[in-house]
Amino acid sequence: MAFSTRRGAGGWAQSLLPTAATKSPSKQPRKSRRRTTAAFRDFILANFFTIGLCVTFFFFLFVLFRFAAVPGPLQLRSATARGRAARPRKPVVHKSPNRTILAADVDITTKDLYDKIQFLDEDGGPWKQGWRVSYKGHEWDDEKLKVFVVPHSHNDPGWKLTVEEYYDKQSRHILDTIVETLSKDTRRKFIWEEMSYLERWWRDASEAKRESFTNLVQNGQLEIVSGGWVMNDEANSHFFAIIEQMTEGNMWLNETVGVIPKNSWSIDPFGYSSTMAYLLRRMGFENMLIHRTHYELKKELAWNKNLEYVWRQSWDSDESTDIFVHMMPFYSYDIPHTCGPDPAVCCQFDFARIRGFMYERCPWGQHPVETDHENVRERALLLLDQYRKKSTLYRTNTILIPLGDDFRYISIDEAEAQFRNYQMLFDYINSDPGLNAEAKFGTLDDYFRTMREEADRINYSVTGEIGSGEIGGFPSLSGDFFTYADRSQDYWSGYYVSRPFFKAVDRVLEQTLRGGEMMMSFLLGYCQKAQCEKLPTSFSYKLISARRNLALFQHHDGVTGTAKDHVVEDYGTRMHMALQDLENFMSKAIEVLLGIRHEKNDQLAANFEPAQMRSRYDVQPVHKAISAREGTVQTVVLFNPLEQTRNEVVMVVVERPDVTVLDSNWTCVKSQISPELRHDNNKIFSGRHRLYWKSSVPAMGLQTYYVANGFVGCEKAKPASLRIFAPSKKLSCPAHYACSNIDSDTVEISNQHQTLSFNVSHGLLHKISRTDGRMNFVGEEIGMYSSRESGAYLFKPNGDAEPTTQAGGTMVISEGHLVREVYCYPKTAWEKSPISHSTRLYNGESTIQEFVVEKEYHVELLGQELIDKEIIARYKTDINNKRIFYTDLNGFQMSRRETYDKIPLQGNYYPMPSLAFMQDVNGERFSIHTKQSLGVASLKNGWLEIMLDRRLQNDDGRGLGQGVMDNRPMNVLFHILLEPNISLPADPVSNPRPSSPSLLSHVVGAHLNYPIHGFIGKSPEPISVQPPPRSFSPLAASLPCDLHILNFKVPRPQKYTQLPIGEPKFALIVQRRHWDNSYCRTARSQCSTIADEPINMFDMFQGMNVASAKATSVNLLHDDTEDLGYNEQFGNDAQEGHILIPPMEIQAYMLQIKPVQ
């Protein structure tokens, strides 16, 4: 989406498919960390006098030591700056201990940029957000200007149209055009990014077209860049889903066309995460191109010629994550904003704007004209002037000029107009040696290869620059690029929350897909016989479809919530279909894994169904109610997708309260019954009941429980006691429960660790007191922002949020021996409250739940009276955080945030995919974990606020052409954690380094985002028949608590039976979490081991034998792991079956698995 056609219109100039990869013969080896001969010569010449002084000084020390009996050597460390000289990586050790602080040494951090920039938004002339760029003319005397014009077409897999609509109307024609026009002239080049469209085109294309396409890729005319299924969003997407979408696209491309991309092209996501840079590096990528960063950051980087840099992870102290980045300097990626700093000039060289084509004319009034022999000199020099000006913003004399826009090159005539005119301009420039310039069409790989060759010949390092051993001559940078602003005070923080219902569905699909992948791996790994393979192999095509539907939603107009209503419906329908398929498969798989049935295929009906089911794509899941008739028992199977045995209080809904819970051995289990509550002030009690009990489920395994009615010898579920406050109406006590009225101003609920205090009249949390004597004021508040300028992308409020609750709401307190809950339906200015909420404490001994405060909001931002409202939950605590807080990046790492007065409120909002925390100067920490991506801010000292939903009728001028009015009723679930420190952590004010969650916080987040899956037998059984004990425990032992199995999957399920015997068919992807050991490790997190010592993959499973293991890239396509930034020990350890993984790393393995006979 370019600004001229889409998200950039306004006061300024109106200006589904995949790719495959073959290993490119032009692959550039990664630079060794030894400086080149030329660099060494330059260093000697530049420092000749300093070196002479050093030699003299060391000679003096030698004499002093030799003859003056100095007791020991005096060690001096040079104070001279490190330029291109490489630092050797730290030696490999055979332990990977967790370290409290991980810190990279870099030249630039994004925090430093924010501290320095004044955000004045000064008018720079033709380049409005920059300055009047000029040059002297001699800059290219020694090294000529090398211009690579890169034709491209940005194809959104859904935005204003659905992916299928775009394909039929535009994308298939664009791909046809590319193949035909490039085949006419070998000088023509093109790049393509979206595999979702390419895969669709490939299915429709003739064999001749496929062959032509492959030939163009092989001869370097056509480059597949990134090669993901989509160009994913980087604010809301979880790193699991990013890996999935990249792997799905890259693997399809490699299998189909035979190429593996090595250059990333990401021009349209609204801000950039350092997590993406890390993942790309570990997938074998060498270079990145990005575009949408804050316009003031672009200006600052351009002024210092730092638009090209090496991106290093903030926690990487040995430079293993370095990847080279090119940042585009101007407002948009369309043609007016890519050839140089003056869009009025550049627009004249967008030859698709010549009359007769479908595109708008140049809004600056000067339009393109056909190039001919009479005007070629004047036109070429005008264009070259822009190229030269743009090149002054970068260090080398090799420059990149993108040539494209959204859905461009749709016809042969359009493509020929661009190629024909530009080739004539190139020919003129190249024919005049006095211009010291060479211009031609190129791919991204052509540019990066030539630029690296130049940087290898010429030392572009700045004195004192740390740089990188990856490539000499460029600065190193760490940090992320949120929150994006494209102009003025237009900050793109609204999309962190737009369409939150579907952001929640996205995460449900992720964890369900992961569970389905695991079950397929277990089914195939444990049996490997024809009768066992029926179910997984018959499901393989649906599994691939589920992967691709999840991948499609990661598009930067999908999970962002920034598409047209009918496109959102399309995304939602696809995800709903994927969820249904996965849940149906898992319902059948548990029967096989538990030994209930040995033969099953995808066509046979399942005897189980999920405990929660959705009837439509746009509604909340509903709990299936167990009927529990007298004399019957109903089976409940629990699946734990995590790597550790899980003790957890679980809940199912029953129709009758007089029930008993039995475990797999038919032993009584203590349980609690509570009334089911709902968001309806006229009927808060639904008439159904919630049944709670404490379960224990093996790591990545299954456990069976039974809900019985009439079982002799077992105590029935204990009913909770109720306390009610309903001043405005009479609320009847539900049958089977004892009720009392609340007649005080405050109420409390407590467990063995903490007591929560609430204000009764407003129903809001007020205070948290802990059994160790500590107390924190929390001050929960529900508020609303009002705005007529906010839209799907932008958040532009009119002032601060106003509280919405009034005195006089309804409160119900339910207290039992396992769960205690405060439910509030608040009184608001509206007849029907847009929100209700529950706060829960759990009493399960030896569970993670006992340490958290569970907060669940039911949000219904519906109706005319709530238009142009944005609803928040705010916690006003006594944590002295100095307005410094931390948010996660894609669920993978934390980023330090600071609230700045020099930027507006909306610019101080940040993405919160899964976690935000703030920390007192004394170390005490307040954390909020979320199950879905939202937006978060700390606008005042001790405050943490999270936006829950937004309902906006106006378009915000970024091309969508509508507001966000398709809100759905939804639940938002938080787990709140207050943690005292056991040692003083780093001061967030004086130490700008990012921090990490505690080990307990990591475990809390894992339990929230990877919940236990429940399955219920469709038919009740007679209570007189006791079934045999049924459980499934695939791991030999629980894994260490800081080791996370990101996925255990069969990468190519549709080809599983066709692969040769002995070839690895399974993939294991593992993450090692880094945790802050300033906070308690074992006592609260239930952790007995951490991953400092190697884990033996050969002994990891029981019942399955890992016959061999091979290290690979995160996208499962590269075997040479040293090219990915890993140390050589990774590959060696893998062959020996050892997982030895440093904190913060992700490692992948291909496994050959055989069942134990």
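Okay, let's start with strand β43 (residues 925-930): it runs antiparallel to β46, and six bridges join the two. Strands here are DSSP runs of E with at least two residues, helices are runs of H or I with at least four, and both are numbered from the N terminus. Two strands count as paired if DSSP finds at least two bridges between them.

Quick housekeeping: this is a predicted model, where local features need pLDDT of at least 70, side-chain atom pairs count only at pLDDT 80 or more, and totals for chains, interfaces and linings use all residues. Residues are numbered from 1 along each chain as its sequence is written, and side-chain values use heavy atoms, with hydrogens and water left out.

Back to β46. Ser927 has Leu977 as its bridge partner there. Strand β37 (residues 853-859) also pairs with β46, antiparallel, over seven bridges, and Lys855 sits opposite Phe974. So is β46 buried or exposed? Nine of its 10 residues (970-979) are buried, so the rest of the structure largely encloses this strand. Buried means under 20% relative accessible area, exposed is over 50%, and partly exposed is in between, with a 1.4 Å probe and protein chains only.

Last one: Arg408, in the loop between β9 (398-406) and α12 (412-431). At 2% relative accessibility, Arg408 counts as buried.
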